[in-house]
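Q: Could you take a close look at one part of this model for me? I'd like the local picture, then the setting.
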Amino acid sequence: MPNVRPQELLVLFVILVFLLVALAFVIWLVVSLTSRSGRSKALQVPPSSAGQGQGQGQYCHQCGSSLKPDSRFCSDCGGPQ
Ligand SMILES: [Zn+2]
């Protein structure tokens, strides 16, 4: 059995751990970059769906009945909107 000093084993162990940490860091960097690009695409909300949530202008100013967003006159009382 070769005579291996504990200090050499410790140095080899530290180098091995350092390499593993560096490898893990590189893998994490690649994964985070790829997931970030995919996440930004997923987070892009179409503006049409965000605008549909607002209810302004969808009710008649005179009778209060519900209106279509593009309607200029009330379908119930005929008042201009
Ligand atoms: Zn009306």
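Leaving aside its neighbours within four places in sequence, which residues is Y59 in contact with?

A: Y59 is in contact with G64, S65, S66 and L67, once neighbours within four places in sequence are left aside; contact here means C-beta atoms, placed from the backbone, within 7 Å. Keep in mind that this is a predicted model, where local features need pLDDT of at least 70, side-chain atom pairs count only at pLDDT 80 or more, and totals for chains, interfaces and linings use all residues. Numbering runs from 1 along each chain as its sequence is written.

As for location, Y59 sits in the segment after α2 (47-52), helices being DSSP runs of H or I, at least four residues, numbered from the N terminus.

Zooming out, the chain has two helices and zero strands, and 2% of its 81 residues count as buried.

Methods. Contact = placed C-beta atoms within 7 Å. Buried ≥ 20, exposed ≤ 12 C-beta atoms within 10 Å, placed from the backbone.
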